[in-house]
Number of protein chains: 2
Amino acid sequence: MPQTLHRAHNFNAGPSALPLSVLEKAQAELLDFRGTGMSVMELSHRSAAYDAVHNEAIALLKELMGIPDGYEVLFLQGGASLQFSMIPMNFLQQGQKAAYVMTGSWSEKALKEAKILGVGEAYEAASTKEENYRRIPSIDELKYQPSDAYIHLTSNNTIFGTEWKEYPNTGDVPLIGDMSSDILSTPVDVSKFSMIYAGAQKNLGPSGVTVAIIRKDLLEKANNNIPTMLRYETHAKNNSLYNTPPTFGIYMLGQVLSWVKESGGVEAITKQNVEKANLIYDVIDQSGGFYIGHAESGSRSLMNITFRVKGEELEKQFLVEAKQEGFIGVNGHRSVGGCRASAYNAVPYESCLAFSDFMKKFMAQHG
Amino acid sequence: MPQTLHRAHNFNAGPSALPLSVLEKAQAELLDFRGTGMSVMELSHRSAAYDAVHNEAIALLKELMGIPDGYEVLFLQGGASLQFSMIPMNFLQQGQKAAYVMTGSWSEKALKEAKILGVGEAYEAASTKEENYRRIPSIDELKYQPSDAYIHLTSNNTIFGTEWKEYPNTGDVPLIGDMSSDILSTPVDVSKFSMIYAGAQKNLGPSGVTVAIIRKDLLEKANNNIPTMLRYETHAKNNSLYNTPPTFGIYMLGQVLSWVKESGGVEAITKQNVEKANLIYDVIDQSGGFYIGHAESGSRSLMNITFRVKGEELEKQFLVEAKQEGFIGVNGHRSVGGCRASAYNAVPYESCLAFSDFMKKFMAQHG
């Protein structure tokens, strides 16, 4: 390894930063995994060596998230985008309704797929669209029915930079959460959910793996007249080994989970996430309107910090200079513009500190 | 890197051996991809750096396979198993029929998924099941109708060790081939096919990427009332960047394609594949019945060499000793038993030579 390894300040929204120690370990054992004489990519998914990788990752996720008994942990493919279809295919039946809480682009896509399917009826339980998704609805605002097949929410909105701070108790209505962009960033009471899912490429590992955590009583109610690969039951019955899983991605996910554990677990990570996000939010709040945060303060995401720079030309210049200074991925999502710093678990404190210093310096020069 | 790198003789059926030079290159640039200060896994899929990786892989596949104009090359997820459902979802309509050529377990699964869908009618165009799939049907045996939505075949049967040597001219009936286990092993006239698909984990790279090559006139006829992620058109319109693709897998696939090109292209690889397979088939043929090949000689696969050892106890011992001698993955598929050596493109000649020597030695001791 070169002595002067160059590491970018990586604020990509996903795929995103991975812990350096995880990459170093993957590099060290890339040609010979644990003495097998093979790369982990070359192992059969039916081998004992791979089995250990697979089951270690499941066990670590259960431990770190405190997943109670009675849940299945699945490794799937296709990202959250495929889950948007698999959820209604599995859990919505003709004559049933499903409630969707609209908090941004990803909620919209989830609802759209439920409607395309045309089985049952999908409707909006609440929406802050008219407020440009600046906030998460309060629990009181949610309108859904005890007979609903499920209620779906997006825990963190990558594009708008908002995050749920408290989850509803939905009683007998299964609660389903897309946690792609904040899973493992902060403790979650899993027992409130019947299903949690997440694309791995933000807080869990590289792209190409999707985690689904599903309560068995929900699984048992699932439709069974759908394609085999799109049935959660298929993957639950086969420990996610019905067909060849994305083995290297699952290996990397396990390594990231080990890193979270070695870092002190989710609570220690949360503490650091709060410190990291505050470095940037504080600059915004103390800028006297030079920087304008998008999210309302009570709904602010720890993961995706979205803001504008006062004045269109100045914002362009900010983005150009940020890039010159080596801050990667600070442009807002192409659908909304502005600026966004994604400070996922693996983004170092030092990167957030450097970025907040840059923001201060830029304001001092142009404010 | 240690000077005495241990490399196993890897005959896994998939995931399987990767070229050592590809692994070494991936290792060398795992922490800093082309000076970005990021791992390729940490790049945004919307970045210029990743875009180059993605488009390079597409261009190389087109070049190496001689894919004519008028075809889309897509990178999908979910393996061939998800394609079994996506194909009828996209290309079979109510009132239409689709013909499936039955040559093994994977054909059976493909047909089963078309039937589960319950749209249109899927039927058998031919089957060698009663002969325990020892051979590929002759082109004359195929029964299908000019009005069929498509005819589907499995080019190589991983489990039974058979392979098509010549493909039918199906005229106006779109021909669809699952080439998961022999893509790039031998030249194919792509223009005979309306669609070719393949899970990457045998000849193309690690698991978690599925390649689909689809003629645009077939795409244009596809159903559009299906989930967005399951429509080929979604991925074709977005250059396989509708959602986050498995970026590292696609990077590795591109590296494997570069290796094929540097090795002299598909024809040079074929020549070596023939030599490699013959090392083992010759031992079988000259064993006087000690080793019994499963496939008929005219249907033998270059990729998966399936055989039995005369006598159940001796076969067990053969598998034990093969393992002791460091030959990995030589057990037959759990559904059929026996022995199987998968000699994909990246399995070195030396491994096949060592295995054929082992087979000779074992026969000399026990024959």
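A nonpolar core is a set of buried Ala, Val, Leu, Ile, Met, Phe, Trp, Tyr and Cys residues joined through side-chain atoms within 4.5 Å. In this predicted model, the largest such core has 190 residues, and Phe318(A), Phe355(A), Phe318(B) and Phe355(B) touch the most other members. A separate core of 72 residues lies apart from it and includes Leu74(A), Phe160(A), Ala212(A) and Ile87(B).

Beyond its sequence neighbours within four places, Phe318(B) is in contact with Tyr291(B), Phe307(B), Val309(B), Val330(B), Cys339(B), Phe355(B), Phe358(B), Met359(B) and Phe362(B). Over all chains, the structure holds 45 aromatic pairs. One of them joins Phe307(B) to Phe318(B) in an edge-to-face arrangement, with 5.8 Å between centres and 80° between the planes. Phe307(B) belongs to strand β12 (residues 304-309) of chain B and Phe318(B) to helix α9 of chain B, so this pair ties together parts that are 11 residues apart in sequence. Both Phe307(B) and Phe318(B) are buried. In chain A, ring pairs link a cluster made up of Phe11(A), Phe290(A), Tyr291(A), Phe307(A), Phe318(A), Phe327(A), Phe355(A), Phe358(A) and Phe362(A).

Next come the annotated positions in chain A. An unreviewed UniProt entry lists residues 10-346 of chain A as "domain: Aminotransferase class V". Over residues 10-346 of chain A, the chain is 34% helix and 18% strand, and the end C-alpha atoms are 9 Å apart.

Within that numbering, UniProt lists Lys202(A) for "modified residue: N6-(pyridoxal phosphate)lysine", again from an unreviewed entry. Lys202(A) sits in the loop between β9 (195-199) and β10 (210-215) of chain A. Its relative accessible area is 12%, and since buried means under 20%, Lys202(A) counts as buried. Setting aside neighbours within four places in sequence, the contacts of Lys202(A) are Ala13(A), Gly14(A), Ser16(A), Thr158(A), Ser180(A), Ser181(A) and Tyr344(A). For Ala13(A), the backbone oxygen lies 2.8 Å from a polar atom of the Lys202(A) side chain.

The unreviewed UniProt entry also places the feature "binding site" at Ala80(A), Ser81(A), Trp106(A), Thr158(A), Asp178(A), Gln201(A), Asn243(A) and Thr244(A). These positions span 165 residues in sequence and their farthest two C-alpha atoms are 31.0 Å apart, so they do not all gather at one spot.

Two of the listed positions can be followed further. Gln201(A) is in the loop between β9 and β10 of chain A, and it is buried at 11% relative accessible area. Not counting residues up to four places away in sequence, Gln201(A) touches Gly14(A), Pro15(A), Ser16(A), Pro206(A), Ser207(A) and, in chain B, Thr244(B). Trp106(A) is in helix α4 (residues 105-117) of chain A. With a relative accessible area of 26%, Trp106(A) is partly exposed.

The charged side chains complete the tour. Side chains of opposite charge can pair when their charged atoms come close. A search of the whole structure finds 25 salt bridges over all chains. In one of them, Lys129(B) and Glu108(B) meet at 3.3 Å, N to O. Lys129(B) lies in the loop between β4 (121-127) and β5 (150-154) of chain B, while Glu108(B) lies in helix α4 (residues 105-117) of chain B, so the pair ties together parts that are 21 residues apart in sequence. Glu108(B) is partly exposed, at 27% relative accessibility.

Lys271(B) pairs with Glu275(B), with the closest N and O atoms 3.6 Å apart. Both residues lie in helix α8 (residues 265-285) of chain B, 4 residues apart, or about one turn of the helix. Lys271(B) is exposed at 56% relative accessible area, whereas Glu275(B) is partly exposed at 36%. Lys316(B) forms a salt bridge with Glu313(B), the closest N and O atoms being 3.7 Å apart. Lys316(B) and Glu313(B) are 3 residues apart in helix α9 (residues 312-324) of chain B, a separation of about one helical turn. Here Lys316(B) is partly exposed at 48% relative accessibility, and Glu313(B) is exposed at 55%. In chain A, salt bridges link Glu131(A), Arg135(A) and Glu141(A) in a network.

Notes:
Residues numbered from 1 in each chain as written. Chains lettered and ligands numbered in written order. Predicted model: local features only at pLDDT ≥ 70, side-chain atom pairs only at ≥ 80, totals over all residues. Heavy atoms only, no water. Salt bridge = Lys/Arg side-chain N within 4 Å of Asp/Glu carboxyl O. Helix = DSSP H or I, 4+ residues; strand = E, 2+ residues; numbered from the N terminus. Buried < 20%, exposed > 50% of the residue type's maximum accessible area, 1.4 Å probe, protein only. UniProt positions renumbered as here; feature names shortened; annotations may be inferred. Contact = heavy atoms within 4.5 Å. Polar contact = N/O pair within 3.5 Å; in protein donor to acceptor, adjacent residues only side chain to side chain. Phe/Tyr/Trp six-rings, centres within 6.5 Å; stacked < 30°, edge-to-face > 60°.
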